[in-house]
Amino acid sequence: MLNSAKKIIPALALFSLLTVSPAAFANNQAKLALAKKVVFEATEISPYADPQFKKILQKAHQINQREAKAHGDVGCEFYESPYLGGGTDAPIITSWKAGVTKSGMVRATFNNTAGDTSGHLIEFDMTCRGSSCVVNDVRIANNWDSATPPQRTKYSLRKDAQAIVSANGCGNYQGANF
């Protein structure tokens, strides 16, 4: 009996690790679908942002416009599209790979073949209720010199927008030139 218990307990432990609740599976599927929709179809995060994040983004855009008008230039150069792997050109996405991490974050890698092929890593922090998700933050890193995506994210849209809002101007924000 002791031998059979030794075999059953590890099997049960493994089964419990592999089993994902239907709700968690549905949340993960909704997160993956939203991440793909945002990267492939959107130029802004704002329509998909949680209410607090949306307010921060709106305020950062208002400050950017005010700075541009006051200085007769591009202001803070604050745009959302570079955080989605685009730039000034519409991205042409290839080699899309996405998954949900243990912490619930969507982590995706892809290549943008608009112009030279470049590798991108993007992470979405999302909150879901049922199959409806909102974005809390987007973090990205780009490798403009290679199709190999970076291993770690470098820029946070929420952090950068908050820096503009906190400074009530461009402050230390250097523009989305990453």
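**Strand residues and a helix crossing in a predicted model**

S95 is found in strand β1, which spans residues 93-100, where strands (E, at least two residues) and helices (H or I, at least four) are DSSP runs numbered from the N terminus. The model is a predicted one, in which local features need pLDDT of at least 70 and side-chain atom pairs count only at pLDDT 80 or more, whereas totals for chains, interfaces and linings use all residues. Residues are numbered from 1 along each chain as its sequence is written, and side-chain values use heavy atoms, with hydrogens and water left out.

Although S95 is not a glycine, its phi is positive, at about 55°. With a relative accessible area of 45%, S95 is partly exposed, a class that lies between buried (under 20% relative accessible area) and exposed (over 50%), as computed with a 1.4 Å probe on protein chains only. The side chain of S95 makes a polar contact with the side chain of N111 at 3.2 Å; such a contact is a pair of N or O atoms within 3.5 Å, of which, within protein, one must be able to donate a hydrogen and the other to accept it, and residues adjacent in sequence count only if both atoms are side-chain atoms.

N111 itself lies in strand β2 (residues 106-112) and, at 8% relative accessibility, counts as buried. When residues up to four places away in sequence are not counted, N111 touches I92, I93, T94, S95, T117, S118, G119, H120 and A147, contact being defined by heavy atoms within 4.5 Å.

Over the whole protein, four helices and five strands are present, and they follow the pattern α-α-α-β-β-β-β-β-α along the sequence. Of the 178 residues, 39% count as buried. Among contacts between residues at least 6 apart in sequence, 54% join residues at least 24 apart.

The axes of helix α3 (residues 51-71) and helix α4 (residues 157-167) come within 8 Å and cross at roughly 50°. The crossing of α3 and α4 is left-handed, meaning that the near helix is turned anticlockwise from the far one by less than a right angle. The contact involves Q52, F53, I56, L57, K59, A60 and I63 of α3, together with L157, R158, A161, Q162, I164 and V165 of α4. These residues divide into nine nonpolar, two polar and two charged.

In the segment after α4 lies N168, a residue other than glycine whose phi is positive, near 50°. At 43% relative accessibility, N168 counts as partly exposed.

Technical notes:
Axes fitted to C-alpha atoms, helices over the stretch in contact; angles between N-to-C directions. Nonpolar A, V, L, I, M, F, W, Y, C, P; charged D, E, K, R; others polar.
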